[in-house]
Amino acid sequence: MMKEKIQELIDTKINPGVAGHGGHVELLDVKDNVVYLKLGGGCQGCGMVNVTLKQGIEKIIKAEVPEVREVIDTTDHKGGTNPFYQASDK
Amino acid sequence: MPRLLLLLPTATYRTEAFLNAAGKLGIELTVASEKSNVLENQQPHGLLTLNFHEPEKAARSVVEFAKRVPIDAVLGVDDETTVVAAVVSAALSLHYNSVIATSAAQNKYQMRELLQKGGLPVPRYIKVSIEDDPAVLAQNIAFPCVVKPLILSASRGVIRADDPAGFISAFWRLKAILRTPEVAAHGPAAQEILVEDFIPGREVALEGLLTKGELHVLAFFDKPDPLDGPFFEEMIYVTPSRLPASIQKEIGSCTARALKALELKDGPVHAELRVNERGPWIIEIAARSIGGRCSRALRFGTGMSLEEVILRNALGMEIGSLERERQPAGVMMIPVSRAGVLREVRGEEKARAVPGIEEIDITVHRGQKLLPLPEGSPSYIGFIFARADTPERVEATLREAHQRLEVIITPQDFD
């Protein structure tokens, strides 16, 4: 039930948002109230992906599914070939 | 819980470390960046867009925001955002460094002026315009000298010149960097160049925390590679320093006097100094913590990260011990060796297998365009972290791991 609810949030709130930067979020699993995600497209390797994850995705999910303890990004960000924001030198 | 407004440029390396520290402390966070986050409309308390190039405008936006979402502290993570944080804090009547102090720490000429007035040991310097004729300027310059931008960090645009021909070449090269749209956006400071004496000697870095004007030295780093130019690519930082305790004390004292001269009073500071037979010389002081991902080399008290220390200090939370762990530690910033496109980094597993290596973090992605210094940004392929029983062992471990890496860059010309 929790997994379905989270999938619905990803489909209706999160993916329409991140699509604005060419990104998408895939729900891999929910285990012991921990959500495992994979981020692709413009999100993969993006310099701001941690902000989007912690300040956006995690807060959206926790607000609707408060029993979620943590949201974990399993993406190989080094494999990203078209990240939306690249890190610089600061 | 208190709420902190964290000013994070989209291109900063510092995001993960600060978000992890905030999560550990359980503080409420609003993250502001110069470009809007895709989920900002859905999380309007946690995400904010501010124009960092216009601090007054940013401050007005935050004042309106704070009417709905009260802010207890503001923190910038790089040279530009520390100035914005000062302007915003003043508008919200929050405790922070003054705008004058943070501006001086961001602008190398203003910094030199204040340090010289304060009687601090600084290289002789002059400020020139990018519209000046370098051939004329070269007639009145002592060599060797260093040309550097008033702004920018990580040694970008910093070039040594040993004679008039070298100066003219360095001047044009820096002028081209300052004219790129990304750098020119910094405004008038991107129209000027600092020319100063080259100071020979060993370079060290001091990481510190200011509380009510008092400097707490968090770590001394040696930079074991000679930084004699023509470019000044920093590669290895190792702490604790192998310099004699008396010299370290002198460096700490010199830095404390410099901070007073700049009127910096609160928050993290990163100072870079040269040490020679005449004592320590202030090269740079920044009102921020160490750049890149280098802070991972530091742990305090019972395992606090540098970012946790900084957030606790900003919010007036108890910090406990500021003593760094006893074990020597270090970081290598993997340099960009040539211009081109990154194809692959080979040998990561072999490099990780070197005893003492804790982490190898490759921060560029395949297909990314790379430029070495002095033009380059990003300046690094990634970071190698090590801990060992002695500083010498840390340095050797970092070099060994670096030798096992093979960075494949395909040459490519960039316009």
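Colleague: Which residues of helix α1 (residues 15-25) of chain B are buried?

Modeller: They are T15(B), A17(B), F18(B), L19(B), A21(B) and A22(B). A residue is buried if 20 or more other C-beta atoms lie within 10 Å of its own, exposed if 12 or fewer, and partly exposed in between, with C-beta atoms placed from the backbone. Helices (H or I, at least four residues) and strands (E, at least two) are DSSP runs numbered from the N terminus. The model is a predicted one, in which local features need pLDDT of at least 70 and side-chain atom pairs pLDDT 80 or more, while totals for chains, interfaces and linings use all residues. Residues are numbered from 1 along each chain as its sequence is written, and chains are lettered from A and ligands numbered from 1 in the order in which they are written.

Colleague: How many residues does each chain bring to the contact between A and B?

Modeller: Chain A gives 26 residues and chain B gives 34. On the chain A side, α1 (2-18) and α2 (49-64) each supply at least two residues, and α2(A) has the largest share, with eight. That side divides into seven nonpolar, 13 polar and six charged residues. Ala, Val, Leu, Ile, Met, Phe, Trp, Tyr, Cys and Pro count as nonpolar, Asp, Glu, Lys and Arg as charged, and the others, Gly among them, as polar.

Colleague: How are two packed helices described?

Modeller: By the angle between their axes and the distance between the axes. Axes are lines fitted to C-alpha atoms, for helices over the stretch in contact, and angles run from 0 to 180 degrees between N-to-C directions. In chain B, α3 (residues 79-91) and α4 (residues 99-106) pack at about 175°, with axes 9 Å apart. That makes α3(B) roughly antiparallel to α4(B) (an angle over 145 degrees). Residues that meet include V83(B), A86(B) and V87(B) from α3(B), and V99(B) and T102(B) from α4(B). This contact holds five nonpolar, four polar and two charged residues.

Colleague: How do strands of a sheet pair?

Modeller: Through backbone hydrogen bonds, either parallel or antiparallel. Two strands pair if DSSP finds at least two bridges between them. An open antiparallel sheet in chain B has the order β5-β8-β6-β7. Its edge strands, β5 (125-129) and β7 (159-161), each have a single partner, so one side of each is left without a neighbour in the sheet. Neighbouring strands are turned by 30° against each other on average, direction ignored. Helix α5 (residues 108-117) of chain B packs on this sheet, touching β5, β6 and β8 (192-197), and its direction makes about 45° with that of β8(B). Between β6(B) (residues 145-149) and β7(B) there are three antiparallel bridges, with V146(B) opposite R160(B).

Colleague: In which sense do β1 (residues 23-31) and β2 (residues 34-41) of chain A pair?

Modeller: The antiparallel sense, over eight bridges; V25(A) has L39(A) as its bridge partner. The two strands form a hairpin with two residues between them, and D32(A) in the turn has a positive phi of about 50°. β2(A) also pairs in the parallel sense with β3 (residues 70-73) of chain A, over four bridges, where L37(A) partners D73(A).

How values were computed. Two residues are in contact if their C-beta atoms, placed from the backbone, lie within 7 Å. Angles under 35 degrees count as roughly parallel, over 145 as roughly antiparallel, 65 to 115 as roughly perpendicular and the rest as oblique.
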